[in-house]
Structure formats: structure tokens, C-alpha cells
Amino acid sequence: MLNRRHIRVKVMQSIFAMHQTQSDRIDSQEKFLENSLRVLHDLYLLMLSALIEVHKTEERFLEKSAQKHLATAAEKNPNKRFIENPILIALSESTDLNKQIAERKLNNWDLHSDYINLMLTELKSTNVYQNYMSLETVDFEAHKDLVAFLFADIVVPNDKVYEYLEDFKMTWADDFPVVNTHILKELKALKPTVVTNGFKVSKLYKMQEDESFGVELFRKTILNEKQFYKFYENKTPNWDIDRIAEVDVILLNMAICELTKFPSIPVKVTLNEYVEIAKEYSTPNSSKFINGVLDALVQEFKTSNQLPKTGRGLL
């Protein structure tokens with residue numbers, strides 16, 4: 001789930017925070033980085049649990065309505081298609097998902113059920129929901145489309161939910177696109193076997209080595225900043241180093257760190273990643289500036305045999 005670009009962004013933010021506080025406590029900032037990566041998985045679990053709670057809330061509502069003293073015929077025999085949605089049931093009954101939610105003590109929606117009620121009310125007012133409920137027959141794909149719509153068009157765009165979660169964990173602001181995109185792909189890729197085999201929670205890291213990549217990149221960049229600066233101090237003749245955006249300096253240092261101290265990462269991957277991160281997180285001219293400096297450095301490193309690339313890094 002957690003891709004390397006997002007890990008790089010987290011490292012960049014941690015280094016920036018360390019610079020801003022003028023702290024030299026690497027261990028402390030390293031723990032903050034590790035935690036910010038770990039709690040991204042909490043956001044993933046929490047967003048999935050929102051679907052579970054919407055489902056449970058409607059189920060409880062129908063049960064209470066049917067038990068009313070003067071319940072109508074419609075209340076006694078309600079349309080149960082939504083609460084019998086096999087995907088929502090698979091999520092609700094997932095041992096894996098419920099275990100992790102409990103272990104991480106993610107009871108946010110129990111404490112803020114008003115957000116769940118808002119989402120359920122909005123869903124039931126849509127044509128998509130009403131059409132789904134009125135279909136004569138429904139196959140697995142129709143059930144899946146409804147759940148994907150609930151997530152993508154009701155849960156994710158809810159401003160109040162977004163503001164609440166952003167306030168709850170400040171590091172989640174940059175995590176929403178990664179988590180939400182992953183969940184939506186996950187929902188759309190579900191097969192009927194999920195009903196019998198149960199829903200399985202995604203792992204935080206795609207590969208085992210990704211778990212140590214962020215901390216290693218952070219530590220090696222911090223410990224070698226002065227050395228890395230010397231590589232490009234004479235390659236920015238039109239830029240006073242004090243005028244270069246601090247984020248650009250951090251990205252250059254991180255990129256040089258990857259080029260010289262991570263043999264398995266291909267040069268092209270490093271160049272592309274930091275240019276793209278600069279486009280999103282720095283000034284309008286930063287990507288061109290970083291691309292130019294790194295291109296010059298790569299040529300120099302190749303000439304002086306300072307690109308210790310092996311295995312996949314040679315690609």
C-alpha cells in the first residue's frame with residue numbers, strides 16, 4: 001500500500017521539521033518518522049471501518065423501526081438489499097480487519113457517530129442508491145459498484161470527516177490520496193470469493209525492504225548533508241545557496257543520498273521521483289532546477305565512478 005514516493009515525502013517532511021526546530025536529535029525525529037509511516041495504516045483501517053459503521057447503522061435503524069409499536073407494513077418488511085450487500089457483510093465480518101481495528105483501538109466512529117449518520121443520510125438521498133435498491137435482481141458487480149460509490153462519492157468527499165481526521169492526526173493530510181486511492185482500487189478489484197474467504201487487510205509495505213528504507217534514507221541524508229552540499233555548491237552559479245528553497249536543498253540531498261548510498265535503486269528512478277516530488281511540494285521552478293542539478297551530478301558521478309549501482313540499480 002505504502003509506495004516509495006510517499007515514504008520519500010515523509011522523509012522530506014521529517015528533515016524539514018528537524019531543520020525548522022534546529023534540533024540535532026536524530027533519534028527523536030526518526031521515531032516521529034516511523035510513527036507517521038505506521039499511523040498511515042491506521043487511516044486505512046479507519047476509512048474501511050467507516051463503511052462498516054454505515055452498514056451497521058442502517059441495520060440497527062431497520063431493526064428498531066420494525067420493533068416500533070405502530071410500525072408500518074414497510075417498516076415491518078423493509079427492503080434489506082443494502083444491509084444484505086455481500087461486500088459490506090464481508091467487511092463487517094472480516095476477522096482480520098476487526099482484529100486490527102480493535103488492536104489499534106480505532107473507535108473513532110463510536111465516539112463520533114454523527115459523521116456516520118451524515119454519510120448514511122447522504123447516501124440514501126442519491127439516485128445511485130435508490131436505483132440499486134429498486135433493481136429486480138442484483139449481481140456481485142452491482143453490489144460492488146454501490147460500495148465503491150459509497151466510498152468514493154460519499155465517504156471520501158465529506159468535508160466534515162476530512163477536517164475531523166486531519167485534526168485528529170496532522171500527518172494524515174498527505175496520506176488521504178494514497179489511502180483512498182488504494183482502498184478504491186481494492187474495492188473495485190474484489191471477487192466473489194471475498195464472500196467465502198473473507199476480506200484480507202492490505203499490508204502497510206509492498207516489500208519487506210521498504211520498511212527500513214525510510215529510516216535509512218532519513219538517517220543517511222541527515223548524517224551526510226555537509227558532504228552532499230559540496231557536490232552541488234559549484235553547480236548553481238545563478239543561485240545563491242541561501243536563495244534556494246529549503247525544500248529543494250533537502251530534495252537534492254536526499255537524491256544524492258540515493259544515488260551514492262543505495263546501490264539497488266536505479267538512477268532513473270531517483271531522478272524521476274525527486275523531480276515529481278518537487279513539482280508537488282516546492283516552487284514552480286523547483287523541478288527544472290533539481291532536474292538540471294541532478295543531471296549534471298549523475299554525469300560527474302559516472303565519470304568518477306561514484307555511482308555504486310548493483311543488481312536492479314543498474315537498470
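The structure is a predicted model, in which local features need pLDDT of at least 70 and side-chain atom pairs count only at pLDDT 80 or more, while totals for chains, interfaces and linings use all residues. Residues are numbered from 1 along each chain as its sequence is written, and side-chain values use heavy atoms, with hydrogens and water left out. Helices are DSSP runs (H or I, at least four residues), numbered from the N terminus.

- Helix α13 covers residues 210-223, and its 14 residues should span 20 Å at 1.5 Å a residue; the expected span is 1.5 Å times one less than the number of residues. The end C-alpha atoms of α13 are 20 Å apart, which agrees.
- Its buried residues (under 20% relative accessible area, 1.4 Å probe, protein chains only) are D210, F213, G214, V215, L217, F218, T221 and I222.
- An α-helix has 3.6 residues a turn, so residues three or four places apart point the same way.
- The buried residues of α13 pack against α1 (4-20), α2 (26-66), α14 (225-232), α15 (246-261) and α16 (267-281).
- R219 is also in helix α13 and, at 29% relative accessibility, counts as partly exposed, the class between buried and exposed, where exposed is over 50%.
- R219 is in contact (heavy atoms within 4.5 Å) with I26, D27 and E30, leaving aside neighbours within four places in sequence.
- The C-alpha atoms of R219 and Q29 are separated by 9.7 Å, although the two residues are 190 residues apart along the chain.

**Nonpolar core**

- A nonpolar core is a set of buried Ala, Val, Leu, Ile, Met, Phe, Trp, Tyr and Cys residues joined through side-chain atoms within 4.5 Å.
- The largest such core has 97 residues, of which L51, F82 and L165 touch the most other members. Helix α2 gives the most to this core, with 16 residues.
- L165 touches L43, L46, M47, W109, W172 and F176, not counting residues up to four places away in sequence.

- Axes are lines fitted to C-alpha atoms, for helices over the stretch in contact, and angles run from 0 to 180 degrees between N-to-C directions.
- Helices α2 and α11 (residues 176-188) pack at about 50°, with axes 10 Å apart. They are therefore oblique to each other, the class left once angles under 35 degrees (roughly parallel), over 145 (roughly antiparallel) and 65 to 115 (roughly perpendicular) are set aside.
- On the α2 side the contact is made by L40, L43, Y44, M47, L48 and L51, and on the α11 side by F176, V179, N180, H182, I183, E186 and L187.
- The axes of α7 (residues 113-124) and α9 come within 10 Å and cross at roughly 110°, so the two helices are roughly perpendicular.
- M119, E122 and L123 of α7 make this contact with F149, L150, D153, I154 and V155 of α9.

**Loop and segment residues**

- N158 lies in the loop between α9 (140-155) and α10 (159-168). At 10% relative accessibility N158 counts as buried, and N158 touches M119 and E122, not counting residues up to four places away in sequence.
- K105, in the loop between α5 (95-103) and α6 (108-111), is not a glycine but has a positive phi near 55°. K105 counts as exposed, at 68% relative accessibility.
- N305 is found in the segment after α17 (286-303). Its phi is positive, about 55°, although N305 is not a glycine, and at 71% relative accessibility N305 counts as exposed.
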